[in-house]
Amino acid sequence: MISVKIYMRKIFHTRDLWLHSLDTNLLYALSQQKLRQKHAQKWRIIMKDKLFTKDFTMVVIGQIISLFGNSAVRFVLPLYLLNQTGSSALYGTVMACAFIPAVLLSPVGGLVADRVNKRNIMVILDFSTAALILVFAWLMGNVNLVFLLTLTLMILYGIAGAYQPAVQASIPALVGQEQFMQANAVVNVIGSFAALVGPVLGGILYSAYGLLPVLEVCVVCFALSAVMELFICIPYEKQKKSGNILQTARKDFSESIRFVRKEKPIIGQGVVVVCGINLFLSAMIVVGLPYLITEVLPFTPAQATRLYGYAQGALAAGGIAGGIAAGVLADRLQVRKTGNLLMAGAACVFPMGISLLWKDLAMVAYLAMAVCCFCIMVISTVFTVQIMSFVQAQTPQHLIGKVMAVIMTVSMCAQPFGNAMYGFLFELCAGYEAAVVLFAGVASLGIAVKARGLFGKL
C-alpha cells in the first residue's frame, strides 16, 4: 500500500514537473513571439522612415517603365489623328471623349484601392493596357480610324483613371508621414521624366518609321512593368463589406464625399479651384499646343511633329524641375501660399498669346510657347505635390484611396468640357488664335486670385 502511494506521488510529481516545463516553454514562446513582433514593428517604423525602401523603389521603377509607354502612346495616337484629319474641332472632341472614362473610373479605382491589394491593381491594369494596344494594332486599317482611335483613347484614359488612385494610395502605406512630400515629389518627377522621354522618343520613332513601331515598344513597356510589379509588397488590410457591391460602393463614396465636404471643407474648396484651372488653363495647353504647332505655325509636317515632341518634352522637363524643387524645398513650402504659385502660372500664359500675334516669326512663337509651358509645368507640379501631401496628411488611412479618387474625379470633370471648348474656339477663331490663348490667361488669373484668398486662411 505504501509503495503504491509512493508510486502515485512520483507520478503526480512528474506530471507537475511536466506541466511546469510546459508552462515555462509556453511563456518563453509567447515572450519570444512578442519580442519578434516588437522588433518587426520597430523595423517597419525604421523602414518607413527611410524613403527609398525596396518596395517603394520597385513602385518607382515600375512607374518609370509604365508611364513611359503611356506617355508615348497617348502622344502618338492623337497626333496621328490630327495629321490624318487636320481638324482641331475633331481633335478636341476626341480628347474630350477620351477624358470621360478617366473621370468615371477614378472613383471606382479609389474604392477598389482601399479594398483590394494595390499591387494587384497595378499588375492587372498594365497587362490590360498591353493587350489593348495589341488589339488596336490588329484592327487598324480594318475599322474606321476616328471610331477606333476614340475608343482606344477612352479605354487608355479610363485605365489611367483607375490606376493613379492605387499609386497615390500606396504612398502612405510605404513611407512615413514625414516622407509624404518627398515621396510625392519623387512620383511626380518620375511621371514628368516619363512624359519627357516618351513624347520625344515617340515623336522620333513616329516621324521616322510610322505608328506601328511606337505601339510595339509600348506593349513591351507595359508587359515589363506588370512583371516587375508582381514582386512588390504593399501592406494590405482587408476591410469588412457592408452589403453587396453596390451598397458597399455607395457607402464608401458617400463617406469620402462627407469627409471632403464637412470634415475637411478646405479640401473640397481646393478641388473646385483645380477644376477651374483644368477648364481654362490645362485644356488650352492640351488642345492648343499640338494645334498651334502642327496646324497654325508655318512649319513643314515633319518639322512640326518633331517640334511638338520637343514641346511635350519641355512640359515634362518642367514637371521634373518642379518635382525636384518640391522635394528639395519640402520643409519651406507652405500650403497657404499656393495661391501665389497659381498666379505666377497664369501670368506665364500671356507671353504665349502675345507671341502668336507675329506668326511669321514661327520659331520665336514656338520658343515662347515652349518656355512658358516649361514654367507653367514647374509651378503646376510644385502645387500638385503640396496639395497631394496636404490631403494625405489630413486623411485617415482607411479613406485615403477613396478621397484621392474623389479629388481626381471632380478635378478632372472640367477637362473634357475644356478640351471640347478649346477645340471649337480655335476653329471658330481661325486667324485669331492669340485671342483664345489670352482669354485662357485672363480666366486662369482670376481663379488664381480667388485661390490666393482661400488658401491664405490656412
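The model is predicted, and its protein chain holds 15 helices and 0 strands. Of the 458 residues in the chain, 50% are buried.

**Overall make-up**
- Among contacts in the protein chain with a separation of 6 or more, 88% are between residues 24 or more positions apart.
- The protein chain exposes about 21700 Å², and carbon and sulfur atoms supply 69% of that area.

**Helices α9 and α10**
- Helix α9, spanning residues 265–296, and helix α10, spanning residues 301–328, have axes that come within 9 Å and cross at roughly 150°, and this crossing is right-handed.
- On the α9 side the contact involves Ile-285, Leu-289, Pro-290, Ile-293 and Thr-294, which meet Ala-304, Leu-307, Tyr-308, Ala-311 and Leu-315 of α10.
- Sorted by class, the residues in this contact of α9 with α10 comprise 9 nonpolar and 1 polar, with no charged residues.

**Cysteines**
- A disulfide is a covalent bond between the sulfur atoms of two cysteines, and a search of the whole structure finds 0 of them.
- For Cys-348, the closest cysteine sulfur is that of Cys-375 at 4.9 Å, which is too far for a bond because a disulfide requires the two sulfur atoms to lie within 2.5 Å.
- Cys-348 is buried, with a relative accessible area of 16%, whereas Cys-429, at 23% relative accessibility, counts as partly exposed; the cut-off for buried is under 20%.

Conventions. Residues numbered from 1 in each chain as written. Predicted model: local features only at pLDDT ≥ 70, side-chain atom pairs only at ≥ 80, totals over all residues. Heavy atoms only, no water. Axes fitted to C-alpha atoms, helices over the stretch in contact; angles between N-to-C directions. Helix = DSSP H or I, 4+ residues; strand = E, 2+ residues; numbered from the N terminus. Left-handed = near helix turned anticlockwise from the far one by under 90°. Contact = heavy atoms within 4.5 Å. Nonpolar A, V, L, I, M, F, W, Y, C, P; charged D, E, K, R; others polar. Buried < 20%, exposed > 50% of the residue type's maximum accessible area, 1.4 Å probe, protein only. Areas by Shrake-Rupley, 256 points an atom, 1.4 Å probe, with all protein chains shown as cover.
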